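Hi everyone, thanks for coming.

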Amino acid sequence: MRFIHTSDWQLGKPFGRVPEEARTVLREARLDAIDRLAAAARANGAPLVLVAGDVFDSPEPGDRVYRQALNRMKAQADVRFLLLPGNHDPLRADGLWSRLAADTPANVSALVEAQPLDLGTGSDEAAVLLPAPLSHKRSVADPTQWFDAAETPSGALRIGLAHGSVQTFGGDADPNLVAVDRARRAGLAYLALGDWHGRIKIDERTYYSGTPEPDDFGREVTGVALLVDVSGSAPPQVTELPIGRHHWLEEGWTLSGADDIEARISGLAPGAARQDLVCRLRLSGLVTLAERVAVRRRLEDELAHEVRWLDLIADDLVTRPTDTDLSEIDAQGELHAAAMRLRAMMGEGGAEGRLAAQALERLYVEQMRAQRAGEA
Amino acid sequence: MRVRRLRIENFRKFRAPVVVDGFTDGLNLVCEPNETGKSTVLDALRAALFERHSAKSDRIRSFRPQGDEVAPSVELAFDVNGEEWRLTKRFLLSPSVTLEGPEGRFASDAAEEKLQGLLGFARAGNRGADDDSRGALGLLWVEQGQSFLLGSPGETARRTLEEALAGEIGAVTGGRRAKAVVAQVEKALADFYTTTGRTTGRLKQAEAAEAAARAAATERARELEQFEGVLEQLEYKRNERRRLVRDIEDPQTDADLKKLDEDIARARAAGQALEIATLAVREQSARRSTLEERRAGRDKLAVQLQAAETKVTGAAEAVSTHAEVIGRVRSSERTAALALETARSALREAETKRDQSVAERAAAERRLALASAFARLDRAEAHAAHIREREARIAASRMDAAAMDRLRQLEDAESAARAQAEAGAATLTVTLEPGAPQIFLDGTPLTEGAIRLSRPRSLSIPGVGTIAFAPPPSGEPALARLRAARRDLTDFLAGVGHETPQAARSAGRARAIDEAELLGLRTRLKAECPADAALGIPAGLDPLRGALAGVERPAPETKDAAFPAADVETPYRAARAAETEAAARREAALESLKAGELKEVALAAALERAEAERARLAADLAADRAALSDADLAAALEDARAAEARALVDCDTARRAAEGLDADGFIRRRDALRKKRDTLQSQLPELAGAVARLEEQARTLGGEGPASRKAAADEEAEAAAAALARLRSEADTLALLLKVLKEAQQDAARRYLAPVTRRIEPYVRRLLPSASLSFGEDLKPQLLTRAGREEAAEMLSKGTQEQIAILTRLAFADLLIDKGQPASLVLDDALVFADDDRFDTMMEILAEASGRMQVLVLSCRASAYRALSATRLSIRPA
């Protein structure tokens with residue numbers, strides 16, 4: 001049988017730290033992923049989508065979010081969606097899942113009980129889904145424990161669907177911990193996992209699909225879903241399907257001047273459309289005042305407007321104002337005197353020094369503006 | 001720059017062309033009366049240079065002579081840097097301008113531009129030239145009434161000066177660009193902080209946004225908490241409802257209720273039996289106690305009867321005993337009454353005796369008083385006779401005290417008049433030798449001694465003749481007064497009836513003696529006639545006479561008759577005491593008798609009551625016994641006691657049967673059980689409602705997505721805080737930048753103003769010793785420091801302000817000349833407020849300055865400038 005393994009849709013993620021103009025698009029993109037997944041499912045003849053938890057970003061995303069989601073899925077009537085509550089949207093009495101149940105369209109099911117579900121593939125090979133819904137943000141017990149003893153018709157494919165980590169990260173009580181060898185122990189043909197936002201293969205039958213639409217910096221492979229083809233006892237064939245729209249890119253640039261800035265900019269995420277780029281740049285290095293101003297102007301006044309969002313962190317791009325810088329401000333006179341004074345204050349370091357550096361940069365910018373105005 | 005020649009036509013008051021020429025390099029003076037057109041000359045000079053020839057503004061129109069549609073024209077010849085230039089400018093009608101000089105001939109706008117370049121001023125604006133456009137020359141050519149202004153130089157002039165200053169100090173200030181940068185920074189900062197340091201604009205918005213985001217996050221957190229609370233409560237209520245239903249449907253409760261109903265029925269039956277038995281006991285006891293009471297009543301009655309009989313006997317005895325006692329009391333009362341009668345007779349007798357004795361004594365005393373009164377009357381009559389005698393004498397004499405005084409006055413007047421008369425008279429001293437012949441004065445022989453010649457005298461010496469003396473006529477008035485005085489004295493004596501003053505005086509003295517004695521007599525008379533209380537006579541002689549008039553004078557012997565000395569008081573007092581004692585005894589006896597009689601009545605009444613009581617008791621007892629004999633009563637009582645004992649035994653049995661069965665307790669328990677079940681049942685709908693309500697609430701609240709909203713609000717709050725921090729940092733940056741820029745500007749201003757300060761200092765010192773002047777950055781005089789005290793330039797006197805303003809211009813001109821810039825000084829009617837010393841000093845300074853630059857002074861005050869060594873120019877027709 002063939003199905004699509006996906007997870008961590010995180011619908012309704014607020015992106016509150018992102019500027020408002022980018023925020024709406026990033027939110028909308030998460031809903032768009034549903035359509036793309038359905039299209040991919042249809043294209044690959046796998047009209048079953050297993051969502052391994054964290055469909056929603058929070059236990060109470062609100063009616064608007066879940067209705068929009070259900071509507072999108074309802075529109076893809078030929079694709080069946082099975083949704084598993086994860087740690088972001090756990091099962092709770094009278095919570096999200098209870099409310100959503102009444103509005104669920106025919107092609108969508110919420111997996112709110114830990115019991116085998118006949119997938120009714122229609123083909124010769126029977127398949128049973130073993131879901132492990134989470135009812136708490138953090139549960140100490142392994143939610144897939146019961147897979148081992150779950151009874152299924154003999155010969156039926158056992159497919160596990162769960163949400164959580166498979167290994168501890170230092171803490172001795174990591175929540176929702178799934179045994180790393182659960183697939184083997186429970187005789188699963190495939191264990192579809194969610195929680196990590198990057199795509200990871202744990203073993204030949206255990207995969208994290210990662211989120212279909214990237215939502216943060218510093219993930220590994222994101223923006224994909226997995227096309228799983230499983231049959232008999234052979235290891236499943238797992239294929240990555242590109243789904244995501246946005247590229248979240250974080251880079252650190254150490255600059256020694258403004259010369260290579262163009263090259264660096266054009267080397268950013270080749271192949272990705274600028275408007276789909278979410279970019280965090282950490283600038284560092286030692287440059288002249290003129291260079292710093294030029295770099296900032298190029299990045300802040302130009303690149304920032306081209307991409308979806310540019311998060312520029314230039315605190316570590318240290319300026320060392322040269323005499324040329326200062327004479328550009330003015331060769332002599334008051335502006336020159338002020339610039340000299342600020343440079344002296346910079347030399348003293350500390351918070352005052354940083355402030356003086358900013359003031360000097362501002363002076364440089366303002367005098368350029370005045371000069372332009374004067375020339376005009 | 002030096003003006004050489006000026007020709008003006010059709011300009012204000014100069015319709016016909018006029019010329020001012022002969023300008024020298026140094027000091028030039030145009031000294032003309034008012035209304036001659038000095039200021040017009042200056043206006044024309046300024047117009048030729050600074051106004052555009054093509055301009056049509058109101059000011060240009062004002063150049064025309066009143067009512068004439070002509071073309072104002074000015075021709076000006078001047079030198080700049082040793083080169084000669086000729087400027088011709090014509091306004092309004094076919095306006096034109098030409099400028100000719102070593103570089104050729106310029107016309108129209110080219111001429112204007114060349115002129116601007118040569119003299120350092122700017123193109124005039126549409127409204128004509130102003131302080132900003134005129135440049136340094138505009139500043140230095142001071143119009144009438146403008147010399148006082150201590151203003152800041154206009155834009156172009158300042159720039160020229162600043163450039164000159166920069167050239168001198170070898171460092172340029174930031175100039176316009178620095179000002180622009182400062183203005184930009186100020187403007188940018190104004191978007192964060194007001195000038196007073198309050199946040200505003202973007203910073204204020206960001207603060208508000210941050211506070212709002214924080215508040216929203218708090219609110220969202222509260223909403224989420226509320227939602228979580230609703231879910232928790234919902235679960236709790238559901239559990240509660242489950243427990244409640246279990247409790248209501250408990251089968252044990254049904255069983256308990258059934259058993260309790262049975263127990264209650266049994267307990268009720270036993271209770272009824274006990275009640276019946278108790279009633280029987282009560283009935284038998286009542287019967288027995290009625291009989292017992294009857295027997296006790298009968299016994300009591302017998303005892304009471306016996307007691308009543310005893311009481312009757314006692315009362316009869318008491319009555320008879322008391323009869324004897326009262327007999328004795330009556331007889332003693334009678335004895336006491338008799339004794340009292342006797343004592344009263346004795347007392348009456350003693351009283352009579354005492355009254356007689358008192359009457360006799362009073363009569364004797366009256367006789368004595370009468371005798372004394374008569375004696376006093378006799379003496380008083382004698383005094384009265386003396387008084388009458390004296391009074392008669394006094395009445396006869398006229399020499400009273402007033403007359404005596406008058407006499408003395410008259411005598412004094414007479415002797416004074418005599419003395420005066422004699423004072424004016426000559427004195428004739430006569431010394432006769434023994435045996436001298438007889439000489440006669442007025443007929444009488446002359447004796448030795450002094451003779452006053454106050455009246456005509458005649459001395460006759462027999463055998464010799466007569467010598468007559470006449471006093472001078474000046475003595476006559478004194479003599480007349482003497483005569484009048486003597487006449488007055490004689491008249492007075494005649495009036496009082498005496499021959500001589502001596503006789504009058506002794507009569508006066510005798511009268512005074514009589515008056516004194518009269519006083520004594522009257523006193524004595526009054527003393528003999530006092531008020532006599534014993535006889536009832538008031539004071540005075542007449543009452544005394546009247547009182548004694550009808551009374552016989554008592555015989556003299558009665559006066560010595562002795563009173564009878566018999567004692568009548570002692571027997572009277574004894575009789576009185578005896579009577580009081582007898583009365584008291586009688587009173588006491590009467591009291592005793594009254595008490596005895598009262599007791600007699602009481603005893604009789606008691607006896608009567610006792611007998612009545614005995615009769616009643618005897619009748620009652622007899623009646624009771626007639627109804628039921630003593631024996632029958634005893635038998636009935638025995639029977640009743642036996643019946644009561646039986647009933648008590650029955651009742652005890654019934655009580656023991658009922659004791660184990662507490663009906664009330666059973667009922668209470670049953671009711672409690674029922675009530676508990678009812679209570680539980682009544683809670684059920686409420687609980688169901690609560691669950692439904694909470695479910696609804698969970699649905700509604702959950703529909704808003706509280707968790708998502710909270711997450712979003714948290715992130716937005718964080719972002720708002722970050723944005724605020726960024727803006728604060730930018731604001732701090734700008735504030736620091738502005739501070740540093742201002743400090744740099746102040747430093748630069750201090751340095752670059754030094755040349756101006758240095759140049760003006762010697763001038764100021766000459767005018768105001770030991771004073772110094774400082775300038776603002778805008779080249780405006782600011783502070784005058786005198787003897788360590790600072791004064792704002794605007795606060796100085798008008799005269800001093802003007803002098804300083806002129807000196808400032810002079811310093812500017814010096815500065816410009818030092819830098820090779822064109823400069824000259826024109827003063828129109830300046831220094832009118834200067835005192836003579838200051839004026840002279842200013843003239844000296846101007847004269848010195850004219851060695852370096854051309855100075856043109858326009859004035860209407862010929863006398864003030866008479867001594868000034870200057871080239872004198874005149875406005876003359878062309």
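Okay, one term before we start: helices and strands here are DSSP runs, numbered from the N terminus, and two strands count as paired if DSSP finds at least two bridges between them. Also keep in mind that this is a predicted model.

Let's begin with a hairpin in chain B. Strand β16, residues 781–786, and strand β17, residues 789–792, pair in the antiparallel sense over four bridges. If you look across that pair, B:Leu783 stands opposite B:Ala792 in β17(B). The hairpin has two residues between the strands, and B:Ala787 takes a positive phi near 50 degrees there.

Now on to the sheets. Chain B shows us both kinds.

Here's the parallel one. It's an open sheet of five strands in chain B, in the order β8-β18-β19-β3-β20. So which strands stand at the edges? They're β8 (141–142) and β20 (871–873) of chain B; each has a single partner strand, so one side of each is left without a neighbour in the sheet. Further in, β3 (residues 27–31) of chain B runs parallel to β19 (residues 855–859) of chain B, and five bridges join them. In that pair, B:Leu29 stands opposite B:Val857 in β19(B).

And the antiparallel one: an open sheet of seven strands, with the order β7-β6-β5-β4-β1-β2-β21 in chain B. At its edges you'll find β7 (104–107) and β21 (876–877) of chain B, and because each has a single partner strand, one side of each has no neighbour in the sheet. Let's zoom in on β1 (residues 2–9) and β2 (residues 18–21) of chain B, which pair in the antiparallel sense over four bridges. There, B:Arg7 stands opposite B:Val19 in β2(B).

Let's switch to helices. B:Ala510 is found in helix α11 of chain B, residues 501–528. Is B:Ala510 buried, partly exposed or exposed? Its relative accessibility is 40%, so B:Ala510 counts as partly exposed.

Last stop, the surface. B:Asp835, B:Asp836, B:Asp837 and B:Asp840 form a negative surface patch. B:Asp840 lies in helix α18 (residues 836–849) of chain B. It counts as partly exposed because its relative accessibility is 44%.

Terms used
Residues are numbered from 1 along each chain as its sequence is written. Chains are lettered from A and ligands numbered from 1 in the order in which they are written. This is a predicted model: local features need pLDDT of at least 70, side-chain atom pairs count only at pLDDT 80 or more; totals for chains, interfaces and linings use all residues. Side-chain values use heavy atoms; hydrogens and water are left out. Patches are made of residues with over 30% relative accessible area and no salt bridge: like charges are joined within 9 Å, nonpolar side chains (Val, Leu, Ile, Met, Phe, Trp, Tyr) within 5 Å. Accessible areas come from the Shrake-Rupley method with a 1.4 Å probe; for residues, only the protein chains shown count as cover. A salt bridge is a side-chain nitrogen of Lys or Arg within 4 Å of a carboxyl oxygen of Asp or Glu. Lys and Arg count as positive and Asp and Glu as negative; His and the chain ends are not counted. The place of a charge is taken as NZ of Lys, CZ of Arg, CG of Asp or CD of Glu. Buried means under 20% relative accessible area, exposed over 50%, partly exposed in between (1.4 Å probe, protein chains only).
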